[in-house]
Amino acid sequence: MEEIRSKVEQIRKEFNQIIAEVSDLDALERLRIRYFGRKGEVTELFKLLKSVPAEQKKEAGRLLNELKNEVREAIAARRQEIEASFEREAYDITLPGRPISTGHKHPLTQVFEELNEIAIGLGFEVITKSPEIETDYYNFEALNIPAHHPARDMWSTLFVTDDHKMLLRTHTSPVQIRTMEKRQPPLRIFVPGRVYRLDPFDQTHAPAFYQAEGLYVDRNVSFADLKGTLELFAKELFGPKTKLKFVPSFFPFTEPSAEVSVYYNGEWLEILGCGMVHPKVFEAVGYDPEEWSGFAFGFGVDRMAMIKFGIKDIRLLYESDIRFLKEF
Ligand code: DAH
């Protein structure tokens with residue numbers, strides 16, 4: 001009997017020390033087997049009961065059962081604790097949440113949305129879908145830029161096929177042709193879109209950038225209409241005091257042609273090309289140039305965004321650096 005009593009005490013002491021250090025379920029299972037397995041310490045202890053004199057059996061049984069329950073409950077409690085700690089680690093619902101910062105539109109998107117709205121206000125229909133991979137015909141030929149003509153040098157082209165029949169469009173002007181082929185005048189369209197050139201990526205150039213094309217075809221359209229329309233665009237976008245300068249220029253698809261600059265920060269910055277639609281362009285789409293007249297223009301949207309927001313390097317518009325974008 002005394003043997004049992006001291007063994008119970010010894011096991012209890014040892015067990016309490018060990019269980020305090022068990023921190024994973026495998027170790028806990030090994031502990032359970034150590035005490036309750038077929039040759040476990042508690043199991044073995046019960047075998048001693050046989051040799052206890054009859055009058056002490058009851059007391060000995062009570063001690064053993066006490067120990068058994070204690071150990072069993074301690075193991076079960078520890079298991080729950082360990083399992084609960086897993087859940088706490090996986091989803092700690094007490095941690096403060098990560099703040100979700102409110103985003104905003106990219107400066108280019110902001111300018112596009114403004115331009116589209118101004119265009120709609122002036123009666124233009126905004127065409128949001130147009131192919132970025134073009135044929136030589138739409139990008140050049142139909143715009144009165146024949147093969148091998150030096151005018152092609154104005155567009156450093158990225159061809160996508162060896163025969164140079166397919167290319168990444170160098171401007172949004174091909175959409176003029178695509179639209180006129182499908183419709184009859186009068187028409188007034190505004191076409192924002194991405195264009196590509198074999199240009200270096202430097203402070204003022206990007207190999208992929210944005211333009212917005214405008215085309216107005218009707219009877220008796222004049223250069224004054226063009227001028228008035230562009231002035232309205234510029235003043236709505238940059239403010240009512242905006243000054244514009246029209247400089248004679250050359251584009252194969254307009255005659256006469258002009259380049260327009262905005263006075264900004266002490267200098268004139270060129271933002272667009274424009275002109276009266278060339279008769280050859282009307283002929284290419286089957287419009288009678290004697291009956292129809294029109295103007296067209298092509299904005300450099302990146303330039304406009306740079307002016308509007310005072311951005312000095314075009315590359316910043318494409319780096320997606322949140323610290324930069326947050327400023328607008
Ligand atoms: N497509 C020309 C360019 O990318 C810009 C341009 C000039 C567009 C005159 C026009 C225009 O519609 O009439 O350089």
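Guide: Contact here means heavy atoms within 4.5 Å. This is a predicted model: local features need pLDDT of at least 70, side-chain atom pairs count only at pLDDT 80 or more, and totals for chains, interfaces and linings use all residues. Residues are numbered from 1 along each chain as its sequence is written, and side-chain values use heavy atoms, with hydrogens and water left out.

Begin with Val71. This residue lies in helix α4. Helices (H or I, at least four residues) and strands (E, at least two) are DSSP runs, numbered from the N terminus. Val71 has a relative accessibility of 1%, so it counts as buried. Buried means under 20% relative accessible area, exposed over 50%, and partly exposed in between (1.4 Å probe, protein chains only). What does Val71 touch, not counting residues up to four places away in sequence? Its contacts are Phe15, Tyr35 and Phe36.

Arg72 and Tyr35 are 37 residues apart in sequence, and their C-alpha atoms are 9.1 Å apart in space.

Arg12 lies in α1, residues 2–21. Is Arg12 buried or exposed? Arg12 is buried, at 16% relative accessible area. Leaving aside neighbours within four places in sequence, Arg12 is in contact with Glu66, Leu67 and Glu70.

Helix α1 has another partner in helix α3, residues 41–48. Their axes come within 11 Å and cross at roughly 170 degrees. The two helices are therefore roughly antiparallel. Axes are lines fitted to C-alpha atoms, for helices over the stretch in contact, and angles run from 0 to 180 degrees between N-to-C directions. Under 35 degrees is roughly parallel, over 145 roughly antiparallel, 65 to 115 roughly perpendicular, and the rest oblique. On the α1 side, Glu3, Ile4, Lys7, Val8, Ile11 and Glu14 take part. They meet Glu41, Leu45 and Leu48 of α3.

Helix α5 (residues 107–121) and helix α8 (residues 223–238) have axes that come within 10 Å and cross at roughly 135 degrees. That makes α5 oblique to α8. From α5 come Val111, Glu114, Leu115, Ile118 and Ala119. From α8 come Phe233, Glu236 and Leu237.

Leu115 takes us into the core. A nonpolar core is a set of buried Ala, Val, Leu, Ile, Met, Phe, Trp, Tyr and Cys residues joined through side-chain atoms within 4.5 Å. The largest one has 41 residues, of which Leu115, Phe190, Phe297 and Phe299 touch the most other members. Its largest share, 6 residues, comes from α5. Beyond four places in sequence, the contacts of Phe299 include Leu115, Phe190, Leu230, Phe233 and Met304. Tyr210, Gln211, Ala212, Ile271 and Leu272 also touch Phe299. Apart from this core lies another, of 26 residues, among them Tyr138, Val217, Val277 and Val281.

Met304 points to helix α10, residues 301–309. Which residues of α10 are buried? They are Val301, Asp302, Met304, Ala305, Met306 and Ile307. These buried residues pack against helices α5 and α8, and against strands β6 (208–218), β8 (254–264), β9 (267–277) and β10 (293–300).

Finish with the backbone. Gly310 follows α10 and has a positive phi, near 70 degrees. Most residues other than glycine have a negative phi, and most peptide bonds are trans. Ser320 has a positive phi of about 55 degrees, although it is not a glycine. Ser320 sits in the loop between α10 and α11 (322–325), and is exposed at 54% relative accessible area. His148 has a positive phi near 70 degrees. His148 lies in the loop between α6 (136–139) and β3 (158–159), and is exposed at 79%.

Two peptide bonds are cis. One joins Pro185 and Pro186, with omega about 5 degrees. Pro186 is in the loop between α7 (174–182) and β5 (187–196). Another joins Glu255 and Pro256, with omega about 0 degrees. Pro256 lies in strand β8, one of the elements that the buried residues of α10 pack against.
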